[in-house]
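Subject: Structure handover

Hello,

Here is the structure I promised to pass on. Please open it alongside this note.

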Amino acid sequence: MTEDVNDDVKTGGDSRDEEAVSRFVERFAAQLTDAGMQRMAARVFARLLASDGGAMTSAELGEALRISPAAVSGAVSYLSQVNMVSREREPGSRRDRYVLHNELWYETFTRRDQILTLWEKTLRDGAAGLGPDTPAGARVAETAAFFEFMQTELLDLMDRWRTHRATLNLP
């Protein structure tokens with residue numbers, strides 16, 4: 001059985017305000033776009049986030065967002081590359097569903113840790129090559145120190161989040 005866009009209309013017996021959902025999707029997508037995400041990927045991600053099942057087919061996304069299958073495909077490709085969604089085959093069907101990852105934000109920020117490690121190493125190598133006594137070398141070394149600090153803080157923050165999440169009684 002597939003989730004139709006209209007499956008989101010009911011939640012626990014209460015009617016969902018589809019106009020409010022649409023406003024949320026577009027507002028959050030605009031904020032993600034302002035932060036650097038591709039516009040269509042931001043819209044698709046926000047719509048998946050707003051779906052009760054956290055998963056939709058290409059046709060459902062296209063209908064909900066009033067976009068072409070090609071636009072959905074491009075957005076999903078981007079979201080898959082950055083590990084924000086995955087593709088799953090519907091049982092007994094040839095249709096794919098696009099699914100948000102469990103613990104989405106935690107996973108996204110954990111991957112940022114890997115990027116920070118890479119940047120820090122590159123910056124330290126760059127600072128050594130530029131020379132520690134040069135203005136450029138000092139600036140690059142300070143940037144490396146900043147990323148090292150961010151990485152330590154991010155790891156501590158993620159540990160605190162796991163502890164806090166356990167108190168929230170979330171699924």
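This is a predicted model: local features need pLDDT of at least 70, side-chain atom pairs count only at pLDDT 80 or more; totals for chains, interfaces and linings use all residues.

Helix α1

Start with α1, residues 18–34. Val21, Val25, Phe28, Ala29 and Leu32 are buried in α1. They sit on the same side of the helix, because they cover an arc of only 105 degrees around its axis. Look at the other side of α1 and you find Glu19, Arg23, Arg27 and Asp34, which are exposed.

Phe28 deserves a click. What does Phe28 touch, not counting residues up to four places away in sequence? Its contacts are Phe45, Ala46, Leu49 and Trp105. Phe28 and Ala46 are 18 residues apart along the chain, yet 6.5 Å separates their C-alpha atoms.

Helix α2 and its two partners

Two packed helices are described by the angle and the distance between their axes. Both values follow for each pair.

Take α2 (residues 39–50) with α3 (residues 58–65). Their axes come within 11 Å and cross at roughly 105 degrees. An angle from 65 to 115 degrees counts as roughly perpendicular, and α2 and α3 therefore fall into that class. From α2, Arg43, Val44, Arg47 and Leu48 take part in the contact. From α3, the residues are Leu61, Ala64 and Leu65. By class, this contact has five nonpolar, no polar and two charged residues.

Now α2 with α4. These axes come within 8 Å and cross at roughly 85 degrees. That again makes the pair roughly perpendicular. Met40, Ala41, Val44 and Phe45 of α2 meet Ala71, Ala75, Val76, Tyr78 and Leu79 of α4. The classes here are nine nonpolar, no polar and no charged residues.

Helix α4

Helix α4 covers residues 69–81. Its 13 residues should span 18 Å at 1.5 Å a residue, which agrees with the 18 Å between its end C-alpha atoms. Which residues of α4 are buried? They are Val72, Ala75, Val76 and Leu79. Seen down the axis, these residues fall within an arc of 100 degrees, so they line one face of α4. That buried set packs against α2, α3, β4 (85–89) and β5 (96–100). On the other side of α4, Ala70 and Gln81 are exposed.

Most residues other than glycine have a negative phi. Two residues here have a positive one.

Arg66 is in the loop between α3 and α4. Its phi is near 55 degrees, a positive value in a residue other than glycine. Is Arg66 buried or exposed? Its relative accessibility is 76%, so Arg66 counts as exposed.

Asn83 is the other one. It comes just after α4, in the loop between α4 and β4. Asn83 is not a glycine either, and its phi is positive at about 60 degrees. With a relative accessible area of 31%, Asn83 is partly exposed.

Best wishes

Notes: Residues are numbered from 1 along each chain as its sequence is written. Side-chain values use heavy atoms; hydrogens and water are left out. Axes are lines fitted to C-alpha atoms, for helices over the stretch in contact, and angles run from 0 to 180 degrees between N-to-C directions. Helices (H or I, at least four residues) and strands (E, at least two) are DSSP runs, numbered from the N terminus. Angles under 35 degrees count as roughly parallel, over 145 as roughly antiparallel, 65 to 115 as roughly perpendicular and the rest as oblique. Contact means heavy atoms within 4.5 Å. Ala, Val, Leu, Ile, Met, Phe, Trp, Tyr, Cys and Pro count as nonpolar, Asp, Glu, Lys and Arg as charged, and the others, Gly among them, as polar. The expected span of a helix is 1.5 Å times one less than its number of residues. Buried means under 20% relative accessible area, exposed over 50%, partly exposed in between (1.4 Å probe, protein chains only). The arc is that of the directions from the helix axis to the C-beta atoms.
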